[in-house]
Structure formats: C-alpha cells, structure tokens
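Please open the model in a viewer and keep the sequence panel at hand.

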Amino acid sequence: MIQIREATPNDTDSLHVLEEHMTRRLRSFYRMSAFGLANQERKLKNPSNALRVYTVLVAIINHEIIGAINYQAENGILNLYGLSVHENYRRQGYAREIMNYLINFAKEQKLTAIRFNTMQITGNVAIFFYLGFVVANEKPSVVCEGLNGE
C-alpha cells in the first residue's frame, strides 16, 4: 500500500537518488538553456533569489521512496513541479494516487486551480491528459531547450 506524506529531513538522501535518476533520464530529452544555467547559478549564489519555495511530497512503498512532487499554494492556485515516479513503479497508478492526494488537498484548502508546468518532449503532457488535466496554455521554455537547441 502506498503512503503519501510531506518529506522530512530523513528523506533527503533517498530524494537525491530519485532526483538524480530522473534528471539523468530527462537530460536525454533536453538540457538547460543559457538563460536557465545563468538563472540556476544566480540561485546558487543567493538562495533568496529563488522565485518559489515548494513543499516536497513523497510516495512510499515498503519504506522506499518511489515518487515525489513539489507543490506550493499561492493566490488560490496549487502550483506543482517535478512529478516523478521511479521507473520500476511506473504504469501502476502511483502518479494518479499522488495527483489525487493533491487534488483533495486543493479542495480542502479551497484552492481554485491546479497549475503544472511540463515540457511536451518528456511525454508528460499525455500523462496529465490521461489523469484528467487539460492544457490551458502553451509557451516555449526559456530555461530549457531540446538537445538540438530548439
């Protein structure tokens, strides 16, 4: 059975392993743009320059973190970033369970919308359609680009 909860400091190492695994996979699709790299460098030099502070939610099975997502409620909107499910646990409904948890959270908090920024090249748009979401807006990323520079 899956357990979904906010991350604790004890989860840091497991989250780094999941993030490294996911980042390696995503870098086969896209890379940071020059603007994205400069923005990342600016945040590293002064963390107070970060635009948003997210809460990390983890999904756990048998004491193992198998998924995570970052979220933040702001101005009546639940902003989501970085949904990840370890490849060994995909296509088993865990992304849906994580999203259902957040949908219920949004309802409890009386939030009016859920916003998730993703990139088409990753295939995530199709996953979110499958989970019942729709595309409300499309625009090119300024922080990432395809491996061919687009």
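Begin by selecting histidine 86, which is placed in the loop between strand E5 (77–85) and helix H3 (94–108). The model is a predicted one, and the values quoted on this tour are computed from it. Is histidine 86 buried or exposed? Its relative accessible area is 19%, and because the limit for burial is under 20%, histidine 86 counts as buried. Display its surroundings next: beyond residues up to four places away in sequence, histidine 86 touches Leu18, His21 and Ile66.

Now select isoleucine 98. With neighbours within four places in sequence set aside, isoleucine 98 is in contact with Ile4, Ala59, Gly67, Ile69, Leu83 and Val85. In soluble globular proteins, nonpolar side chains tend to be buried together.

Turn next to the strands, starting with E4. This strand is mostly covered, with eight of its 11 residues buried. E4 runs antiparallel to E3, and seven bridges join the two. Select isoleucine 61 to find one of the pairings: its bridge partner in E4 is glutamate 64. The hairpin of E3 and E4 has two residues between the strands, and asparagine 62 there adopts a positive phi near 50°.

Follow E4 to its pairing with E5, which is likewise antiparallel and has seven bridges. Select tyrosine 71, whose bridge partner in E5 is leucine 80. These strands also form a hairpin with two residues between them, and in the turn asparagine 75 has a positive phi of about 55°.

Valine 134 is located in the loop between helix H4 (124–130) and strand E7 (144–146). Why does valine 134 count as exposed? Its relative accessibility is 69%, and the term applies because exposed means over 50%.

Key. Residues are numbered from 1 along each chain as its sequence is written. This is a predicted model: local features need pLDDT of at least 70, side-chain atom pairs count only at pLDDT 80 or more; totals for chains, interfaces and linings use all residues. Side-chain values use heavy atoms; hydrogens and water are left out. Helices (H or I, at least four residues) and strands (E, at least two) are DSSP runs, numbered from the N terminus. Buried means under 20% relative accessible area, exposed over 50%, partly exposed in between (1.4 Å probe, protein chains only). Contact means heavy atoms within 4.5 Å. Two strands pair if DSSP finds at least two bridges between them.
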